[in-house]
Amino acid sequence: MGMSKAMRQMPEAAGRAGEGRGEAAFQPASDEACDPSQEHQGTGSAMPEAGAGTLLEAALTRENLQAAWKRVKANKGAAGVDGLDIEHTQRLLQTTWPQIRQELLGGRYRPAPVRRVMIPKPDGSQRELGIPTVTDRLIQQALLQVLQPLIDPTFSDHSHGFRPGRSAHDAVKAARAYVQSGKRVVVDVDLAKFFDRVNHDILVDRLKKRIADTAVLRLIRAYLNAGIMDGGVVVERQQGTPQGGPLSPLLANVLLDEVDKAMEARGYCFARYADDSNVYVGSRRAGERVMAWLRTLYGKLRLQINEAKSAVCSAFGRKFLGYELWVSKGREVKCAVAHKALDNFKARIRELTGRSGGRSMAQVVQALRPYMLGWKAYFGLAQTPSVWRKLDQWLRHRLRAIQLKHWRGSHAIYRALKALGATDTAAKRVASNSRCGWRNSDGLLKTVLTISYFDRLGLPRLS
């Protein structure tokens with residue numbers, strides 16, 4: 001019996017699931033530079049007309065749970081502290097879900113601790129993830145699909161992270177428009193270990209201003225207090241909302257929206273994506289005033305600015321979400337891939353194209369495809385054709401050098417090149433320099449392992 005069949009056998013709960021599966025209906029932010037905003041009228045509290053309990057019942061309807069399960073299954077992900085993956089959890093829920101549902105409605109459900117996973121970052125540091133069990137991911141996703149359509153429309157238009165219909169591209173476009181309008185100084189704010197320092201009491205207090213369902217608030221508090229398992233020991237958490245759960249991004253936006261609204265009230269031009277916020281002003285002196293003010297605002301939320309990564313400086317050449325800005329000859333502000341992002345791209349390509357392993361060139365290319373297509377889609381706003389061409393040339397150069405090494409020896413290189421249609425002269429010259437792989441791969445070999453050759457293998461082009 002599949003998960004959908006098991007859901008159909010559950011009793012239908014009162015209330016309706018949030019429409020649009022958590023997709024809030026609104027338009028993306030404009031690319032135009034902002035005008036001074038008026039004082040925001042209230043918090044846009046999203047309280048249902050019905051009494052307490054309605055939101056939780058809506059989250060637990062059969063239709064909403066089926067949609068939540070599809071999303072959790074599509075996202076895949078590792079097992080939590082119970083060691084159960086998606087397939088095992090699906091079989092278990094066929095018998096245990098009715099009891100779990102009753103515990104949820106009765107306020108007796110206790111989430112499992114999250115499993116701590118440390119993810120290495122390109123700079124050598126590590127980022128902490130908290131992986132909930134699949135069952136808790138299902139419940140959180142079901143809650144998200146009901147809460148997001150209610151809460152998300154109350155957020156600032158300057159917030160772009162983890163919101164339906166918005167993306168990092170919207171934040172970068174807004175930044176470019178502000179700088180084009182003359183705001184050439186950026187107040188670049190990075191919060192120190194934001195997800196680890198979220199104050200539970202302050203967060204729940206801000207949630208109460210938006211939703212009135214005490215059962216949902218109690219369940220969210222239970223998830224915040226669930227703790228994290230490290231080395232087989234459960235560590236209680238008095239603060240923080242670990243990244244890895246479906247609810248964490250929405251909760252982060254709830255907390256940070258207070259600062260967004262304060263900046264809107266003062267008419268500042270800014271773009272925020274998660275805990276990365278850039279404010280654009282006309283002078284360095286104005287920027288220093290904004291930075292000092294933001295320290296006070298974040299301090300009231302028990303958050304701290306990372307002084308090492310934050311700065312008041314020129315907007316040009318400053319990294320924002322992997323992009324940086326530059327000015328073309330016509331004084332038009334354009335986007336480019338930040339130098340650090342380019343270095344990370346090359347480092348990842350080197351990892352994926354190790355010169356050992358016995359893989360064919362077709363297999364190497366297939367391993368590259370998902371990363372390259374995703375990278376190209378994310379950095380599609382970059383307006384630097386020459387950079388794309390150089391990256392393409394560097395990558396093909398590397399692949400040719402790898403192919404030479406795979407052929408192993410001058411006789412094998414000669415036979416392989418002849419089989420690919422090389423002239424006898426070209427095959428002999430390349431084969432005679434078999435020990436100079438990198439230099440050799442940038443000469444006559446290009447007439448055999450051409451751009452079209454890599455196109456046929458399915459290698460994506462960046463340019």
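**Note on salt bridges and helix packing**

1. At 5% relative accessibility, Arg-163 counts as buried (buried is under 20% relative accessible area, exposed over 50%, partly exposed in between, with a 1.4 Å probe and protein chains only). The model is predicted: local features need pLDDT of at least 70 and side-chain atom pairs count only at pLDDT 80 or more, while totals for chains, interfaces and linings use all residues. Residues are numbered from 1 along each chain as its sequence is written, and side-chain values use heavy atoms, with hydrogens and water left out.

2. The partner of Arg-163 is Asp-152: the two form a salt bridge whose closest N and O atoms are 3.1 Å apart (a side-chain nitrogen of Lys or Arg within 4 Å of a carboxyl oxygen of Asp or Glu). Asp-152 and Arg-163 are both placed in the loop between α5 (134-151) and α6 (168-180), and the pair links distant parts of the chain, 11 residues apart. Asp-152 is buried as well, with a relative accessible area of 0%.

3. Across the whole structure, a search finds 14 salt bridges. Another of them joins the side chains of Asp-260 and Arg-272, at 2.8 Å from N to O. Asp-260 belongs to helix α10 and Arg-272 to strand β6 (residues 269-273), so this bridge ties together parts that are 12 residues apart in sequence. (Helices, H or I of at least four residues, and strands, E of at least two, are DSSP runs numbered from the N terminus.) Both Asp-260 and Arg-272 are buried.

4. Arg-91 and Glu-87 also form a salt bridge, with the closest N and O atoms 3.1 Å apart. The two residues are four apart in helix α4 (residues 86-105) and therefore separated by about one helical turn. Arg-91 is partly exposed, its relative accessible area being 43%.

5. Helix α8 (residues 200-208) packs on helix α10 (residues 248-265) at an angle of about 85°, with the axes 9 Å apart. (Axes are lines fitted to C-alpha atoms, for helices over the stretch in contact, and angles run from 0 to 180 degrees between N-to-C directions.) The two helices are therefore roughly perpendicular (65 to 115 degrees; under 35 is roughly parallel, over 145 roughly antiparallel, the rest oblique). From α8, Ile-202, Leu-203, Arg-206 and Leu-207 meet Leu-251, Val-254, Leu-255 and Glu-258 of α10 (contact means heavy atoms within 4.5 Å). These contact residues comprise six nonpolar, no polar and two charged (Ala, Val, Leu, Ile, Met, Phe, Trp, Tyr, Cys and Pro count as nonpolar, Asp, Glu, Lys and Arg as charged, the others, Gly among them, as polar). Arg-206 and Glu-258 are also linked with Asp-205 in a network of salt bridges.

6. Helix α8 packs against helix α9 (residues 214-224) too, at about 160° and with the axes 11 Å apart. That makes α8 roughly antiparallel to α9. On the α8 side the contact is made by His-200, Asp-201, Leu-203, Val-204, Leu-207 and Lys-208, and on the α9 side by Leu-217, Ile-220, Arg-221 and Leu-224. The residues of this contact divide into six nonpolar, one polar and three charged.

7. His-397 lies in helix α14 (residues 385-407). With 11% relative accessibility, His-397 counts as buried. Apart from neighbours within four places in sequence, His-397 is in contact with Trp-438, Ser-441 and Asp-442.
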